[in-house]
Amino acid sequence: MQLVAVAASGGRDSTALLHCTLRMARPLGLRVVALHVHHGLQPEADDWLAQIKRQCHRWGAAFASHRLAGPPAAGESVEAWARRERYAALAAMAQDAGAPLVLLAHHRRDQAETWLLQALRGGGPAGLSAMPQRAQHHGLHWARPWLDRPRSEIDAYVRRYRLQAIEDASNADPRFARSRLRQQVWPALQAAFADVETSLAQSSRRAQEAAALAAEMAKADGENCCTKAALHVVPWLALSAARRANLLRAWLVSVCPDGAPETLVQRLQQELPRCQQGRFPAPGGELHLYRGVLRWAAPPVVFLAPASVHLNLANAGVYALPGWPGELQVQACSEGGVRAGLLQQVQAAARQGGEQFQRSPNTPPRSLKKAAQFDAVPAWRREGPLLHTARGDLLFVSWLGVDARCLAETGTPQFCLRWLSAL
């Protein structure tokens with residue numbers, strides 16, 4: 001027998017949905033499980049859990065509950081924390097119960113309120129889309145069967161069946177944006193515009209269409225502008241201004257673990273056309289622009305370069321360098337390596353300035369900066385030790401390789417060097 005889950009907070013809307021689902025499910029041979037999330041934010045929460053459990057027992061519904069391991073982190077929005085953790089808990093309970101479908105009790109007024117809140121926060125089409133009627137997340141189907149129904153119909157259902165529901169005092173707490181909207185703004189809106197609920201819900205449907213179109217356009221433009229989590233600025237600049245902004249927002253969402261604020265989008269739109277390299281703070285890390293290619297990177301690890309270290313690298317293996325964030329790999333090779341004799345007494349040290357690196361036997365020595373630019377190594381990757389021979393000659397640069405003046409002759413035993421960075 002298949003199982004349907006209902007998110008049951010105990011409030012009026014979810015109580016009505018649970019009752020209605022049980023009535024509709026029995027003739028179809030479906031079982032129903034109520035999923036309750038204990039947020040741990042209200043002193044009455046334990047009583048609410050017990051009340052819903054008793055109600056499910058009377059009505060013949062299975063019951064599962066989960067208490068959140070809160071509270072939210074310092075500075076984090078309680079509303080955002082509760083929403084994120086609630087859906088994660090609902091998904092886990094539904095999966096444990098074996099219910100492939102989770103029903104949510106949001107109605108048309110909820111949809112209109114969500115649209116208005118997103119608009120007040122400056123949301124674009126994705127935000128103004130508010131809540132989808134159907135979605136797939138966590139391997140589950142989520143549905144809001146009453147999203148097109150007015151609140152008045154749910155009130156009528158509750159009165160008809162004399163349903164008892166929980167009244168959560170936090171719903172009137174002015175600290176929360178949705179509560180302020182319901183208590184202070186919505187009555188005035190409804191008095192001035194009788195069709196406000198219907199109109200804003202319709203706007204959310206239009207926004208859903210716009211968001212879907214924007215996503216399709218970003219995918220098409222990304223085929224020419226994006227490769228391996230990188231945004232290539234030259235083809236991006238060939239797009240219209242609207243398509244540039246659309247693709248940039250979509251790309252940032254895909255690479256930034258914590259999303260991207262609109263201020264970052266605006267800054268990149270202004271600065272990318274005028275520069276070839278740079279670094280931009282981004283949520284969870286930073287964006288690196290080098291030679292017209294933009295990439296996201298984790299925040300750099302700051303460390304103090306240690307004093308010089310004397311090493312014997314004459315045997316193959318992996319060598320730790322005390323104080324350096326990484327290891328040296330030494331491997332036997334047939335070309336491009338160094339004679340073992342040069343590796344018996346090696347000094348690893350930080351860059352001092354004035355070093356000259358020769359990339360190949362037929363090229364002149366260059367400063368490390370120019371050599372790195374020639375090999376397209378950005379500044380933020382020029383970390384790691386330099387190796388010098390016993391005579392003080394530059395032997396190896398961790399971000400460039402072996403200096404050509406120290407290369408072994410072809411056909412002679414030799415070892416290749418590689419820096420394995422831990423950053």
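Are helices α1 and α2 roughly parallel or roughly perpendicular to each other?

## Basis of the report

This is a predicted model, in which local features need pLDDT of at least 70 and side-chain atom pairs count only at pLDDT 80 or more, while totals for chains, interfaces and linings use all residues. Residues are numbered from 1 along each chain as its sequence is written, and side-chain values use heavy atoms, with hydrogens and water left out.

## Helices α1 and α2

Helices (H or I, at least four residues) and strands (E, at least two) are DSSP runs numbered from the N terminus. The axes of α1 (residues 12-28) and α2 (residues 45-59) come within 12 Å and cross at roughly 20 degrees. Axes here are lines fitted to C-alpha atoms, for helices over the stretch in contact, and angles run from 0 to 180 degrees between N-to-C directions. The two helices are therefore roughly parallel to each other. Angles under 35 degrees count as roughly parallel, over 145 as roughly antiparallel, 65 to 115 as roughly perpendicular and the rest as oblique.

Contact means heavy atoms within 4.5 Å. On the α1 side, Thr15, Leu18, His19, Leu22 and Arg26 meet Gln55, Cys56 and Trp59 of α2.

## Helices α7 and α8

Helix α7 (residues 177-192) and helix α8 (residues 196-225) have axes that come within 9 Å and cross at roughly 105 degrees. This makes α7 roughly perpendicular to α8. From α7, Trp186, Leu189 and Gln190 meet Val196, Glu197 and Leu200 in α8.

## Aromatic rings

Rings of Phe, Tyr and Trp (its six-membered ring) pair if their centres lie within 6.5 Å; planes under 30 degrees apart count as stacked, over 60 as edge-to-face and the rest as tilted. The count by this rule is three aromatic pairs. One of them joins Trp146 and Tyr157, a tilted pair with 6.5 Å from centre to centre and 55 degrees between the planes. Trp146 lies in the loop between β6 (140-143) and α6 (151-160) and Tyr157 in helix α6, so the pair ties together parts that are 11 residues apart in sequence. Tyr157 also pairs with Tyr161: the ring centres are 4.7 Å apart and the planes are at 40 degrees, so this pair is tilted.

Trp146, Tyr157 and Tyr161 form one aromatic cluster. Buried means under 20% relative accessible area, exposed over 50% and partly exposed in between (1.4 Å probe, protein chains only). Trp146 is buried at 14%, Tyr157 is buried at 14%, and Tyr161 is partly exposed at 25%.
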